[in-house]
Amino acid sequence: MAFVARRLAAALLLLGVLSVLTYALLALAPGDPEQVLLGPRPSTAESRAAVRAQYHLDDPLPVRYAAWLGDAVRGDFGASLYSRESVTSVIADRLPVTAGLAGYAIVLTLAVGLPAGLVAAMRRGSPLDRGITLSALVALAIPPFAMSILLLYGFAVTLGWFPVFGAGETFAERVTHLTLPAIALATGQAAVVVRQMRAAALDLAGQDYMTFARARGVGRARYWFGYALRNTALPVLTVGGLLLAANLTGALFVERAFGLHGVGELLVSAVGQKDLPVVQALVLMGGAVVVAVNLLIDLAYLAVDPRVRHGAVAA
Amino acid sequence: MLETRGLRVVGDRVLVDGVDLTVAAGETVGLVGESGSGKSLTARALVGLLPRGLRAEGSVEVGGTQVVGASERLLRGVRGRRISLLMQDPFTMLNPLSTAGAHIAETLPGRTSRQEIARRLAEVGIDDPAVAGRHPFQLSGGMRQRVALAAALAGDPELLIADEPTTALDATTQHEILALLRRVQEARGMGVLLITHDLRVAFAVCDRVAVMYAGRVVEQGPGAELAAAPAHPYTSGLLGALPSVERAMERLVGIPGSVPRADEVAGVCAFATRCDLVAAACTEARPPLRPIGRDRLTACVHDAAGTARPPLAETASLTVPTAGPADGEPLLHVEGLRKRYGAHTALGGVSLHVNPGETVGLVGESGSGKTTLARSVLGLVTPDGGRIRLAGLDITDRAALDPRERARVHRLVQCVFQDPSTSLNPAMTVGAALAEASARAAPGDRIGVAELLELVGLPAAYAARRPKALSGGQRQRVAIARALAVRPALLICDEPVASLDVSVQAHVLELLRGIGRDLGTGMLFITHDLAVVRQIAARTVVLLKGAVVEEGTTSTVLDAPAHDYTRRLVSAVR
């Protein structure tokens with residue numbers, strides 16, 4: 001438990017540093033926020049001063065940061081400069097699509113990547129291994145947006161099996177709408193997982209305990225899951241977690257290609273519109289996601305590997 | 001129960017060439033050979049688990065089922081239930097993520113219960129049922145090997161193949177595991193094929209012993225008869241090379257040359273190039289295994305091959321080695337040395353000394369602190385307390401010495417490590433490695449590369465070779481030459497023969513003895529092998545858990561051990 005508490009404390013510290021950095025960098029970036037706040041209205045000296053006073057823009061940076069942080073920890077990231085809605089509701093509006101897409105994609109990635117990588121390693125040098133390795137290389141070389149267009153053209157336009165646009169309303173609709181984007185996103189990632197898994201499992205084939213397991217007639221399921229998969233899980237878990245974090249924060253090209261209003265799309269438009277509160281909240285959220293996923297990976301290590309578990313208890 | 005006929009293991013070339021073996025129920029058969037003889041590949045072939053790229057030919061029948069060429073599905077039914085394999089290294093054989101109990105449970109027939117697992121653990125001498133819940137990393141080597149044995153036996157096989165099951169263990173643990181194996185074998189009435197490089201182990205445990213050389217069996221027979229009257233020159237050579245734990249031998253004689261590749265000697269007697277008795281008949285055709293009396297087989301064409309090389313134990317002399325001068329200041333003086341690693345005490349106040357020109361044996365099992373002691377003297381580890389004096393210089397803390405003194409210490413003490421395949425830089429030729437080492441010697445004191453090679457009995461032409469092109473014994477000679485390049489007063493030998501085959505071990509031991517005798521180099525000789533210490537050390541220090549428990553002349557320590565632990569060590573090898 002002390003281990004988990006220590007990790008949590010470190011995660012909070014990291015988020016704090018991240019928030020300072022994003023706040024400071026965005027504040028130092030060129031461009032006047034009051035110009036954005038005023039919008040198309042004629043900007044007189046008075047109106048600018050009024051806006052500056054309303055948003056406390058004349059306070060020193062640390063004071064503004066403290067005020068922003070005080071609101072942020074209570075879940076209030078201010079209002080979007082562009083739509084005037086609260087940032088929280090803007091993001092909450094976009095999050096389900098992105099989360100659904102990210103989750104769907106990571107499930108596909110692992111479902112294809114893990115077994116393919118494992119089989120390639122165990123049948124090293126066979127035509128199957130060569131086929132898998134080559135496919136992974138090709139998959140890695142196709143950028144997600146190109147894959148998106150390919151899939152759209154093939155399965156949505158020509159065959160008409162899947163919708164072309166939007167995210168759908170009901171759960172079933174959501175699944176059909178997100179299938180092609182999830183495949184587009186998962187293709188490259190599955191290739192990464194295949195390569196990781198293959199590398200991790202290559203050494204496995206020569207391990208004494210694998211031979212010993214076969215020599216005493218351990219069942220097939222046990223051999224593949226209890227031995228092979230479990231012993232290669234750790235490095236692959238790390239990669240899987242990082243991919244998930246990347247999906248949650250910036251599946252931008254795929255969201256664009258499929259016309260999905262997700263978080264990645266939001267970030268790009270917010271940056272374009274100099275919508276500082278939204279950008280800050282999104283950057284902080286991205287950081288929080290990465291930190292949280294890493295924490296989960298650490299916990300998964302504890303669950304999978306007894307040596308880490310005992311080491312952590314002893315330390 | 002097990003019958004192999006003409007078993008061959010073939011990859012790019014032939015590795016095992018025609019092995020005929022039978023193991024009956026309730027019988028223990030030993031398969032003895034040095035590294036490269038093909039004994040482990042034979043074991044793998046018997047369970048159909050050859051490494052990728054190799055295939056078996058011939059016939060292997062296990063309880064009437066043909067294993068060679070059998071499908072994986074059929075083999076899965078045979079492995080574990082009819083034939084099971086116990087491997088060498090308990091530290092790598094168990095799944096690091098599974099508990100001991102899970103290892104046993106996964107191959108138990110029928111329903112598994114906690115009681116059944118506890119019963120299986122008790123069978124291998126683990127009476128504490130809580131061990132079932134432990135992971136391999138929480139268990140000692142001996143315990144892991146017991147758990148592995150219980151796992152190998154979980155499917156109740158009729159035949160167990162044990163591939164060097166004790167090689168990675170300490171002497172006392174080895175003894176326990178062998179006794180356990182014997183007990184389990186008798187209780188179950190199963191057949192055991194014990195594969196080992198250790199002739200003593202084979203003779204002590206096995207009903208019948210087959211000696212393998214260059215991929216084939218050269219002699220077979222009851223262990224005691226083989227030991228008393230070997231019928232193949234290779235067997236008698238091996239026996240002659242075996243250091244005796246009972247007495248120091250006048251001269252240690254190995255077998256000249258090295259093991260040929262199986263495919264190079266397919267049509268001749270494999271041992272012909274190293275044999276004193278070689279005749280025309282040996283190289284005309286491959287001598288078949290022929291019966292010579294009851295249960296005895298030999299692949300030698302001569303009838304009296306065993307008498308040609310009488311076991312050299314007869315010529316034993318107790319005068320060698322002699323103790324060095326006990327007066328004057330010792331070369332190395334270690335006093336109250338302490339070192340802790342976290343909660344673990346590696347050295348808890350160790351004192352010992354080595355006189356100039358004297359060889360002191362340091363005996364202890366893994367975890368006794370012997371390596372930490374060696375590393376402290378070499379300046380690789382800074383001790384927490386105590387003092388080390390070398391030739392009048394305080395070297396306890398190397399960092400505190402000035403550069404001139406450090407250079408001097410470097411010339412005073414050198415080291416030979418256990419494994420010459422990793423202690424030599426693979427990218428450097430032998431000549432370059434030796435030249436580099438001798439450049440560190442005092443200017444007037446340099447020894448040329450050719451001279452160094454001659455000192456360790458290697459031809460000067462070897463200077464151009466890289467370590468990869470040398471055999472294990474030759475590499476260790478190079479490592480010794482490298483250590484001698486600065487004419488050290490003290491040589492620390494950390495298990496220098498532990499990774500070498502018996503026939504080579506004798507050469508290297510004889511070389512080290514000669515160095516002590518002729519160059520007057522003092523030696524701290526670290527080993528776990530009492531027979532080795534008997535041959536080389538004038539005095540012996542026994543280390544247990546970071547403390548000296550016994551010290552004295554080697555003959556006193558080994559013949560009349562005073563401490564309980566030493567007695568156990570000695571009885572373990574007798």
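These are my notebook entries on a predicted model with a chain A and a chain B.

**Entry 1: chain A as a whole**

I began with the overall make-up of chain A. I then looked up the extent of the C-alpha trace of chain A, and along its principal axes the trace spans about 85 × 60 × 35 Å. Chain A has 315 residues, and buried ones make up 34% of them.

**Entry 2: one residue of chain A**

Next I picked A:V138. Which helix holds A:V138? I found A:V138 in helix α6 of chain A, which covers residues 127–141. Is A:V138 buried or exposed? I counted 11 C-beta neighbours inside 10 Å, and the cut-off for exposed is 12 or fewer, so A:V138 counts as exposed. I also looked up its separation from A:V218, which lies 80 residues away along the chain. The C-alpha atoms of A:V138 and A:V218 are 36 Å apart.

**Entry 3: where the chains touch**

I turned to the contact between the two chains. Chain B brings 25 residues to this contact and chain A brings 19 residues. On the chain B side, β6 (83–86) and α5 (141–153) each supply at least two of the residues that touch chain A. By class, I noted 12 nonpolar, 8 polar and 5 charged residues on that side of chain B.

**Entry 4: a sheet in chain B**

In chain B I followed an open sheet of 6 strands. The strand order is β18-β19-β20-β15-β21-β22, with mixed pairing. Which strands stand at the edges? I found β18 (413–416) and β22 (547–553) of chain B there; each has a single partner strand, so one side of each has no neighbour in the sheet. From one strand to the next, the twist averages 20°.

I then looked at one pair inside this sheet. Strands β19 (residues 490–494) and β20 (residues 522–527) of chain B run in the parallel sense and pair over 5 bridges. To find the pairing by eye, I looked for B:I492, which stands opposite B:L524 in β20(B).

**Entry 5: two packed helices in chain B**

On α17(B), the contact residues include B:G472, B:Q476, B:I480 and B:L484. On α18(B), I listed B:V504, B:V508, B:L511 and B:I515 among them. The contact of α17(B) with α18(B) has 6 nonpolar, 4 polar and 1 charged residues.

**Entry 6: an enclosed helix in chain B**

Last, I looked up helix α1 (residues 39–46) of chain B. How many of its 8 residues are buried? I found 8 of the 8, so helix α1 of chain B is largely enclosed by the rest of the structure. Among the buried residues of α1(B) are B:K39 and B:R44, along with B:L41 and B:L46. Just after α1(B), I came to B:G48, which takes a positive phi of about 70°.

Methods:
Residues numbered from 1 in each chain as written. Chains lettered and ligands numbered in written order. Predicted model: local features only at pLDDT ≥ 70, side-chain atom pairs only at ≥ 80, totals over all residues. Contact = placed C-beta atoms within 7 Å. Helix = DSSP H or I, 4+ residues; strand = E, 2+ residues; numbered from the N terminus. Nonpolar A, V, L, I, M, F, W, Y, C, P; charged D, E, K, R; others polar. Buried ≥ 20, exposed ≤ 12 C-beta atoms within 10 Å, placed from the backbone. Pairing = 2+ DSSP bridges. Axes fitted to C-alpha atoms, helices over the stretch in contact; angles between N-to-C directions.
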